[in-house]
Amino acid sequence: MIDTLDRIPPENIYLVNPARRKRLPFFDALVPAGFPSPAENYIREKLSLDELCVVHPDCTYFVKAVGESMTPDYIYPGSILVVDSVKLVFSGSVVVAWVNGECCVKRFVRKGHMIMLESSNEKYPPIYVHLGKDQFRVLGVVTFIVSKPPKYVRLSGWE
């Protein structure tokens with residue numbers, strides 16, 4: 001049976017440290033997926049990933065994802081999630097939630113008097129939260145996902 005929560009252990013939660021921001025070169029050129037263009041290596045400015053990904057530094061933290069319940073939303077095991085705890089939650093938001101003593105990342109869907117926490121991987125059934133009965137709290141909205149590029153090899157034509 002598939003564990004529906006994909007529990008996020010506490011050691012996978014990190015605070016944002018705004019004092020350690022570092023600007024990195026931002027190349028103002030489109031990157032073609034086909035052929036590279038060497039004429040387009042123009043640096044527009046320095047860019048800080050913190051400034052790009054963190055709107056509320058005092059209310060933002062990072063979470064390392066576990067499990068495969070959200071892989072269709074590009075959240076892979078080991079992905080780093082940027083989580084804003086003051087961003088408003090809407091139906092359809094991807095959130096980090098606390099459910100009956102466990103932490104998980106799911107899509108938040110309001111269903112009448114219940115909350116459905118939906119995995120994007122259809123192999124994982126949704127979690128129905130009964131307000132007033134279950135212990136439940138949204139800890140924040142996932143605003144960015146930092147992942148390594150997926151490993152993919154096209155085998156046809158090379159055999």
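**Questions on the fold, the core and the open spaces**

Guide: Read from the N terminus, the elements of the protein follow the order β-β-β-α-β-β-β-β-β-β-β. The model shown is a predicted one.

Visitor: Among contacts between residues at least 6 apart in sequence, what share joins residues at least 24 apart?

Guide: A contact here requires heavy atoms within 4.5 Å. Among such contacts between residues at least 6 apart in sequence, the share that joins residues at least 24 apart is 60%.

Visitor: What percentage of the residues of the protein count as buried?

Guide: To count as buried, a residue must have a relative accessible area under 20%. The protein has 159 residues, and the part of them that counts as buried is 28%.

Visitor: Which residues of the largest nonpolar core touch the most other members?

Guide: The largest nonpolar core has 13 residues. At least two residues of this core come from each of β4 (60–64), β5 (80–84), β6 (94–99) and β7 (102–111). Another core, of eleven residues, lies apart from it and includes L5, V99, I127 and V129. In the largest core, the members that touch the most others are I75, L81, V83, V96, V105 and V142.

Visitor: Which residues does I75 touch, not counting those up to four places away in sequence?

Guide: I75 is a member of the largest nonpolar core. I75 is also found in the lining of the largest cavity. Once residues up to four places away in sequence are set aside, I75 touches A65, M70, L81, V94, V105 and I145.

Visitor: What is the volume of the largest cavity?

Guide: A search of the whole structure with a threshold of 30 Å³ or more finds one cavity. The lining of the largest cavity consists of D6, A65, V66, G67, E68, S69, M70, I75 and V105. The space in this cavity is about 30 Å³.

Visitor: How do the residues of the lining of the largest cavity divide into nonpolar, polar and charged?

Guide: Among the lining residues are I75 and V105, as well as D6 and E68. Since Ile and Val count as nonpolar while Asp and Glu count as charged, the lining holds residues of both kinds. The division is five nonpolar, two polar and two charged.

Visitor: Which residues lie nearest the centre of the largest pocket?

Guide: The largest pocket has a volume of about 250 Å³. Two or more of its lining residues come from each of β1 (13–15) and α1. The lining divides into six nonpolar, two polar and four charged residues. Of the twelve lining residues, those nearest the centre are N17, R20, R21, D50 and F62.

Visitor: Is D50 buried or exposed?

Guide: D50 lies in helix α1, which spans residues 49–53. Beyond its neighbours within four places in sequence, D50 is in contact with N17, R21 and F62. Because its relative accessible area is 18%, and the limit is under 20%, D50 is buried.

Visitor: Is N121 buried or exposed?

Guide: N121 is placed in the loop between β8 (114–118) and β9 (127–130). Leaving out neighbours within four places in sequence, N121 is in contact with E68, S69, T71 and P72. Its relative accessible area is 12%, so N121 is buried.

Visitor: Where does Y74 lie, and what is its phi?

Guide: Y74 lies in the loop between β4 and β5. Y74 is exposed, as its relative accessible area is 58%. Although Y74 is not a glycine, its phi is positive, at about 65°.

Technical notes: Residues are numbered from 1 along each chain as its sequence is written. This is a predicted model: local features need pLDDT of at least 70, side-chain atom pairs count only at pLDDT 80 or more; totals for chains, interfaces and linings use all residues. Side-chain values use heavy atoms; hydrogens and water are left out. A nonpolar core is a set of buried Ala, Val, Leu, Ile, Met, Phe, Trp, Tyr and Cys residues joined through side-chain atoms within 4.5 Å. Buried means under 20% relative accessible area, exposed over 50%, partly exposed in between (1.4 Å probe, protein chains only). Helices (H or I, at least four residues) and strands (E, at least two) are DSSP runs, numbered from the N terminus. On a 1 Å grid over the protein atoms alone, a cavity is a set of points where a 1.4 Å probe fits but cannot get out, and a pocket is an open set with protein on both sides within 12 Å along at least five of seven lines; lining residues have an atom within 4 Å of a point. Grid points are joined across faces, edges and corners, and a volume is the space filled by probe spheres set on the points.
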